[in-house]
Every structure is written in structure tokens, then in C-alpha cells.
Amino acid sequence: MSLTFEEVDARKDHTQRLFNLLQKRDNNISHLSMPSFIEHNKFVKSHPYRAWFIVKLNAIDIGTLYLTKENVIGINLTSDHQS
């Protein structure tokens, strides 16, 4: 098993992959309803975090990890990978 962290940038493939992960989330802190892809794209391009990574298990995207500018760590994993 290989766990890796891929740093997020505003490339289109990262935006789409992050959107796919967002759609799989059970709980949302940053929004009340699912944003449109355009809104999501603007959010990703703004890169609001000090550090932001896509978490991958055996080359499959399973979640995200970020560090805010206030030094708060956020970890979001798909429900089938939370254990």
C-alpha cells in the first residue's frame, strides 16, 4: 500500500479531481450547498491555504489535506477510506 500527497495547483486536472472529491464528501464545513464547477474553479485558483494536497492511496484520490494560514489542519477523506 502506498500513501502519497500531491501538492495542489490550479491546473485543470487538479480542479476536476478536487471537485470529484468534494462531491463525495458527507460533511461540508465551507458551504451549505454544493458549489457549481465554476465557483469551485474560482476557489481552487484563489489557493486559500498555506499548503494543500490531494491524498492518494495506490495512485487513487481518496481525499485532501490542507494547512490554513491560521495553521489549522484539515483532513477530508472519502467515506470508504476514513477507517
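This is a predicted model: local features need pLDDT of at least 70, side-chain atom pairs count only at pLDDT 80 or more; totals for chains, interfaces and linings use all residues.
I started with Tyr 49, which comes out at 16% relative accessibility and so counts as buried. The cut-off I'm using for buried is under 20% relative accessible area.

**Rings around Tyr 49**

I looked up its ring partners next. The rings of Tyr 49 and Tyr 66 have their centres 4.2 Å apart and their planes at 20 degrees, so I logged the pair as stacked. Tyr 49 sits in the loop between H2 and S2 while Tyr 66 is in strand S3, so this pair ties together parts 17 residues apart in sequence. Both Tyr 49 and Tyr 66 are buried.

I then ran the ring search over the rest and got five aromatic pairs. One of them is Phe 43 with Tyr 49: the centres are 6.0 Å apart and the planes stand at 75 degrees, so I put this pair down as edge-to-face. Phe 43 has 33% relative accessibility, so I have it as partly exposed. I also noted one aromatic cluster, formed by Phe 43, Tyr 49, Trp 52 and Tyr 66.

**Nonpolar core**

Which residues make up the largest nonpolar core? I find eight: Val 8, Leu 18, Leu 21, Val 44, Tyr 49, Trp 52, Ile 54 and Tyr 66. H1 and strand S2 (51–57) each supply at least two residues of this core.

**Helix H1**

H1 kept turning up, so I checked its geometry. It has 13 residues and reaches 19 Å from first C-alpha to last, close to the 18 Å expected at 1.5 Å a residue. For its buried residues I wrote down His 14, Thr 15, Arg 17, Leu 18, Phe 19, Leu 21 and Leu 22. These buried residues pack against S1, helix H2 (37–46), S2 and S3.

I looked at Lys 24 too, which lies in helix H1 (residues 12–24). Its relative accessible area is 48%, so I call Lys 24 partly exposed.

How many salt bridges does a search of the whole structure find? I get four.

I went to Arg 17 for a closer look. Is it buried or exposed? With 18% relative accessibility, Arg 17 counts as buried.

Partner one on my list is Glu 6, with the closest N and O atoms 2.8 Å apart. This pair links distant parts of the chain, as Arg 17 is in helix H1 and Glu 6 in strand S1 (residues 3–7), 11 residues apart. Glu 6 is buried, like Arg 17.

Then there is Asp 13, whose salt bridge with Arg 17 has its closest N and O atoms 3.8 Å apart. Both residues lie in helix H1, four residues apart, about one turn of the helix. Asp 13 has a relative accessible area of 38%, so I noted it as partly exposed.

The next entry is Asp 61, which forms a salt bridge with Arg 17 at 2.8 Å between the closest N and O atoms. Asp 61 is in strand S3 (residues 60–67) and Arg 17 in helix H1, so the bridge ties together parts 44 residues apart in sequence. Asp 61 and Arg 17 are both buried. Through shared partners, salt bridges join Glu 6, Asp 13, Arg 17, Lys 56 and Asp 61 into one network.

**Whole chain**

I closed with the overall numbers. I count two helices and four strands, and from the N terminus on the elements run β-α-α-β-β-β. For 83 residues a compact globule would have a radius of gyration near 12 Å, and the protein has 12 Å, so the value agrees. The C-alpha atoms fill a box of roughly 35 × 25 × 25 Å along the principal axes.

Of the 83 residues, 35% count as buried. I also checked contacts with a separation of 6 or more: residues 24 or more positions apart account for 43% of them.

Notes
Residues are numbered from 1 along each chain as its sequence is written. Side-chain values use heavy atoms; hydrogens and water are left out. Buried means under 20% relative accessible area, exposed over 50%, partly exposed in between (1.4 Å probe, protein chains only). A salt bridge is a side-chain nitrogen of Lys or Arg within 4 Å of a carboxyl oxygen of Asp or Glu. A nonpolar core is a set of buried Ala, Val, Leu, Ile, Met, Phe, Trp, Tyr and Cys residues joined through side-chain atoms within 4.5 Å. The expected span of a helix is 1.5 Å times one less than its number of residues. Contact means heavy atoms within 4.5 Å. Rings of Phe, Tyr and Trp (its six-membered ring) pair if their centres lie within 6.5 Å; planes under 30 degrees apart count as stacked, over 60 as edge-to-face and the rest as tilted. The radius of gyration is taken over C-alpha atoms; the globule rule is 2.2 Å times the number of residues to the power 0.38.
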